[in-house]
Amino acid sequence: MNNGPKKLAVLGSTGVIGRYALEIAERFPERFRVVGLAAGSNARLLEAQIERFKPRLASLGNGAGAGLSRSSTTLLSGPEGLDQVARMEEADLVVSAVVGFAGLAPTLAALAAGKQVALANKECLVAGGALVMAAARRAGTVILPIDSEISAIFQSLAGHNREDLRRIILTASGGPFREMDPAGLERVTAAQALAHPNWDMGPKITIDSATLMNKGLEAIEASWLFGLSPENISIHVHPTSVVHSAVEYVDGSVVAQLAVPDMRLPIAYALAYPQRLKLDDPAPLDLFAARPLSFERPDLKRFPCLALALEAGRTGRSAPVVLGAADEVAVEAFLKNRIGFMDISRVVEKTLEAHQLVDLPDLETILEVDRRARAKAAEIVYDG
């Protein structure tokens with residue numbers, strides 16, 4: 001890495017994670033310089049970010065950025081533009097925060113270019129875990145997780161021998177409907193599901209957190225990142241989100257990471273790794289004021305999405321690809337009021353049942369499985 005500020009390329013710069021990453025970069029100009037930005041469709045916010053950070057490259061996914069003020073920035077568009085930002089030569093660290101399956105190809109592109117990746121996109125590992133981890137090994141780099149719980153595991157492993165790891169304790173808040181009766185869950189609206197009690201996140205991950213699908217996706221992500229079978233990952237519902245996750249070692253010791261629930265903490269850790277940034281906010285964790293640290297077993301009947309995700313993780317092969325694709329289609333349909341809250345799991349389950357498992361030797365196969373799964377899920381949504 002060159003001397004001077006660490007050079008960042010931020011994929012998904014207009015989303016929640018991307019905006020937080022840029023906020024941290026702006027607060028520490030002596031530590032970071034933004035050289036690349038890539039957004040989906042929010043041209044207005046991307047233009048403001050270009051004005052603030054003056055990156056060399058910027059890309060807008062839908063190609064509607066022709067009217068953007070260029071200044072000294074080269075404007076790109078579409079998947080090719082996203083790929084170019086992911087691969088840009090001067091970037092030291094690529095923040096992969098594109099939402100959903102769309103983040104897989106640029107993440108692989110960044111790793112193929114030898115970049116270190118700060119990963120906020122769990123779907124990359126859900127759909128293409130073997131490809132992503134192989135690409136990281138070839139690049140000789142460590143993937144730096146941004147998801148709060150996965151970052152907590154990463155931090156709890158620091159300084160310990162990986163072969164001494166017995167299991168991962170993956171925590172979940174339980175979302176806003178942890179105690180709601182089944183009849184009530186059938187009537188949940190999108191507005192209710194988007195009101196997460198602890199975290200500020202984008203709409204897709206917020207809905208996934210409400211169904212607990214997000215925790216199943218994280219279990220698959222963790223199994224790839226940390227080399228454990230799904231059976232060695234234990235999910236604990238922890239409503240206050242103070243213990244972000246923990247690891248248990250072979251001698252019975254448990255090491256955990258605790259903090260106030262704020263996404264800026266794991267993002268800052270990934271950006272500055274292996275150092276830490278002195279953050280003035282959020283306020284430090286006050287254990288005297290904190291509520292008791294309680295834990296519960298997840299209710300798989302109340303939250304069938306979690307059960308489906310865990311089963312797909314155990315099944316492997318193409319099942320996780322189908323799981324992720326069907327979930328994206330179902331969540332979008334729910335947000336558009338086309339299906340009910342509990343229909344999300346039904347769409348995912350029916351899509352999985354209709355799928356014939358295949359091996360995933362390359363990206364082309366993964367893309368085809370994803371395409372077919374989305375088409376099937378959309379058919380199920382349409383047919384009711």
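Five aromatic pairs are found in the structure, which is a predicted model. One of them joins phenylalanine 154 to tyrosine 269 in an edge-to-face arrangement, with 6.4 Å from centre to centre and 70 degrees between the planes. This pair links distant parts of the chain, since phenylalanine 154 belongs to helix H6 (residues 148-157) and tyrosine 269 to helix H11 (residues 264-272), 115 residues apart. Phenylalanine 154 is buried, its relative accessible area being 12%, and tyrosine 269 is likewise buried, at 9%. Together with Tyr273, Phe154 and Tyr269 make up one aromatic cluster.

Another aromatic pair brings together phenylalanine 177 and phenylalanine 341. The ring centres of phenylalanine 177 and phenylalanine 341 lie 5.3 Å apart and the planes stand at 75 degrees, so this pair too is edge-to-face. Here the partners come from loops: phenylalanine 177 sits between S8 and helix H7 (182-185), while phenylalanine 341 sits between H13 and helix H14 (343-354), so the pair ties together parts that are 164 residues apart in sequence. Phenylalanine 177 counts as buried at 3% relative accessibility, and phenylalanine 341 is buried with a relative accessible area of 2%.

Attention now turns to the strands. An open sheet is formed by four strands in the order S9-S8-S10-S11, with mixed pairing. Strand S9 (233-237) and strand S11 (254-258) each have a single partner strand and therefore stand at the edges, one side of each being left without a neighbour in the sheet. From one strand to the next, the twist averages 20 degrees. Strand S8 (residues 165-172) runs parallel to S9, and the two pair over five bridges. Within this part of the sheet, leucine 170 stands opposite isoleucine 235 of S9. Helix H10 (residues 213-226) packs on the sheet and touches both S8 and S9, its direction making about 155 degrees with that of S8.

Strand S10 (residues 243-249) contains valine 243. Valine 243 is buried, with a relative accessible area of 8%, which is under the 20% limit. Leaving aside neighbours within four places in sequence, the contacts of valine 243 are Thr171, His238, Ala256, Gln257, Leu258, Leu293 and Phe295. Between valine 243 and aspartate 147 there are 14 Å in space, C-alpha to C-alpha, for a separation of 96 residues in sequence.

The side chain of glutamate 328 reaches the backbone nitrogen of phenylalanine 101 at 2.7 Å.

Terms used. Residues are numbered from 1 along each chain as its sequence is written. This is a predicted model: local features need pLDDT of at least 70, side-chain atom pairs count only at pLDDT 80 or more; totals for chains, interfaces and linings use all residues. Side-chain values use heavy atoms; hydrogens and water are left out. Two strands pair if DSSP finds at least two bridges between them. Axes are lines fitted to C-alpha atoms, for helices over the stretch in contact, and angles run from 0 to 180 degrees between N-to-C directions. Contact means heavy atoms within 4.5 Å. A polar contact is a pair of N or O atoms within 3.5 Å; within protein, one must be able to donate a hydrogen and the other to accept it, and residues adjacent in sequence count only if both atoms are side-chain atoms. Buried means under 20% relative accessible area, exposed over 50%, partly exposed in between (1.4 Å probe, protein chains only). Rings of Phe, Tyr and Trp (its six-membered ring) pair if their centres lie within 6.5 Å; planes under 30 degrees apart count as stacked, over 60 as edge-to-face and the rest as tilted.
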